[in-house]
Amino acid sequence: MATSCSLISTFFHFSSSLSRFTNTKPHSHSSPSLLHLPRPLHQPTTLFFLRPQQPSPSPSSKPTTTTTTTTLLPKLSFSSSSCTFLDSCFLFCTSVALSLTLFLTGADSASAFVVTTPRKLQSDELATVRLFQENTPSVVYITNLAVKQDAFTLDVLEVPQGSGSGFIWDKDGHVVTNYHVIRGASDLRVTLADQSTYDAKIVGFDQDKDVAVLRVEAPKEKLRPIPIGISADLLVGQKVFAIGNPFGLDHTLTTGVISGLRREISSAATGRPIQDVIQTDAAINPGNSGGPLLDSAGNLIGINTAIYSPSGASSGVGFSIPVDTVNGIVEQLVKFGKVTRPILGIKFAPDQSVEQLGVSGVLVLDAPANGPAGKAGLQSTKRDSYGRLILGDIITSVNGKKVTNGSDLYRILDQCKVGDKVIVEVLRGDHKEKIPVILEPKPDES
């Protein structure tokens with residue numbers, strides 16, 4: 001329809017131009033049946049037609065041989081019928097030529113006569129566009145499905161209970177994300193950048209560090225592992241880029257800078273502290289969890305995991321688990337299906353409760369007899385026969401390193417291995433004791 005309108009407007013343009021020529025009054029010295037085409041004024045483009053000119057014979061003149069000469073159109077004269085025929089031919093040829101041009105070039109009515117210049121981007125914009133295009137195929141969309149029973153029909157249904165982001169780790173189909181993205185899922189589905197969806201299986205997870213590894217059975221040509229960087233040499237102020245699926249909007253890019261380093265947050269599942277966390281002002285919203293945080297070279301430097309916000313939306317304070325921490329965890333999960341982390345085998349009181357007692361350290365609430373601390377002889381908090389509270393041991397240091405709260409204790413244990421013997425100094429009553437404890441592995445989580 002648009003092409004037809006364009007052709008019709010072009011036809012009217014030529015018709016109006018020709019009508020100006022045909023409606024011009026003849027000069028006084030011309031024959032009433034002859035019309036003269038006016039000489040065109042100064043125009044940028046002029047069309048010239050060549051025709052033989054035949055002079056009119058004079059009655060008194062002698063028969064002579066007619067001479068044919070060639071001149072330009074403005075000096076020619078045409079009869080009314082011949083001019084109408086030429087107008088029709090010209091209009092027809094023009095319409096056919098224009099139609100063929102549009103048909104052969106495949107241009108629509110809007111772009112046929114419009115020349116657009118290519119968009120010019122700055123060098124930093126080009127770098128950002130290139131980074132997004134190269135890393136988007138490595139980012140996936142994860143849907144957490146849970147089994148629910150309909151209250152009326154009692155039918156068992158599988159409904160989405162959450163979603164998040166992740167990224168492809170290797171060509172074997174391993175996908176890395178946050179543990180809280182997959183927590184409580186009966187089934188998981190992973191959507192790749194080409195919108196193909198695959199069922200995912202859980203390889204393993206680490207609740208303490210909020211890291212999980214999935215696996216999908218997808219063709220290797222569809223799997224593009226993300227480039228792995230390092231986080232030990234990061235600097236405050238350098239640019240970072242977050243790719244994820246906030247609020248279900250797949251493959252969204254946000255930019256920012258590193259606002260702080262060596263932050264500490266608590267795991268959403270166990271409350272255990274996660275050290276050396278990266279703080280960034282790149283917008284991280286619900287759905288970004290598990291997505292990659294990239295440096296300006298497009299290398300992975302962290303996993304977006306949490307935000308600090310009273311409203312739940314981005315407030316410019318986001319946190320990412322550093323890739324150096326993730327790397328070791330993923331290797332253990334892929335190889336063993338679990339992370340072997342040493343524990344003391346105790347339950348301790350909240351830090352606020354210990355502060356109210358006016359002491360510094362970790363108060364042991366329970367030390368099971370079959371655990372490392374119970375075997376070594378650490379005492380639990382209990383009540384006597386009269387119901388009075390008898391405080392248990394208060395851990396003040398481990399291997400000579402001061403312990404003031406639970407985070408200090410976890411930080412020291414993260415540097416130890418299963419089977420190590422540590423010297424635990426405790427405050428028991430009004431005196432201190434040093435007790436050797438052999439660390440054991442953490443029991444498997446279901």
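**Figure 1. Polar contacts of the T280 side chain.** The backbone oxygen of V257 lies 3.0 Å from a polar atom of the T280 side chain. At 3.1 Å, the side chain of T280 also reaches the backbone nitrogen of A282. T280 belongs to strand 13, which spans residues 273-280. The relative accessible area of T280 is 0%, so this residue counts as buried. The model shown here and in the other views is predicted.

**Figure 2. The largest nonpolar core.** This core has 24 residues. Those with the most contacts inside it are F167, V176, V211, L300, V326 and V330. Two or more residues each come from strand 10 (211-216), strand 11 (239-244), strand 13, strand 15 (300-307), strand 16 (318-322) and helix 5 (323-336). Helix 5 gives the largest share of this core, 5 residues.

Figure 3. Leaving aside residues up to four places away in sequence, V326 touches V176, V211, I303 and I321. Another core, of 20 residues, lies apart from the largest one. Its members include I346, V364, A367 and I412.

**Figure 4. The protein chain as context for the close-ups.** The chain contains 8 helices and 26 strands. Of its 446 residues, 37% count as buried. Among contacts between residues at least 6 apart in sequence, 59% join residues at least 24 apart.

Notes:
Residues are numbered from 1 along each chain as its sequence is written. This is a predicted model: local features need pLDDT of at least 70, side-chain atom pairs count only at pLDDT 80 or more; totals for chains, interfaces and linings use all residues. Side-chain values use heavy atoms; hydrogens and water are left out. Helices (H or I, at least four residues) and strands (E, at least two) are DSSP runs, numbered from the N terminus. Buried means under 20% relative accessible area, exposed over 50%, partly exposed in between (1.4 Å probe, protein chains only). Contact means heavy atoms within 4.5 Å. A polar contact is a pair of N or O atoms within 3.5 Å; within protein, one must be able to donate a hydrogen and the other to accept it, and residues adjacent in sequence count only if both atoms are side-chain atoms. A nonpolar core is a set of buried Ala, Val, Leu, Ile, Met, Phe, Trp, Tyr and Cys residues joined through side-chain atoms within 4.5 Å.
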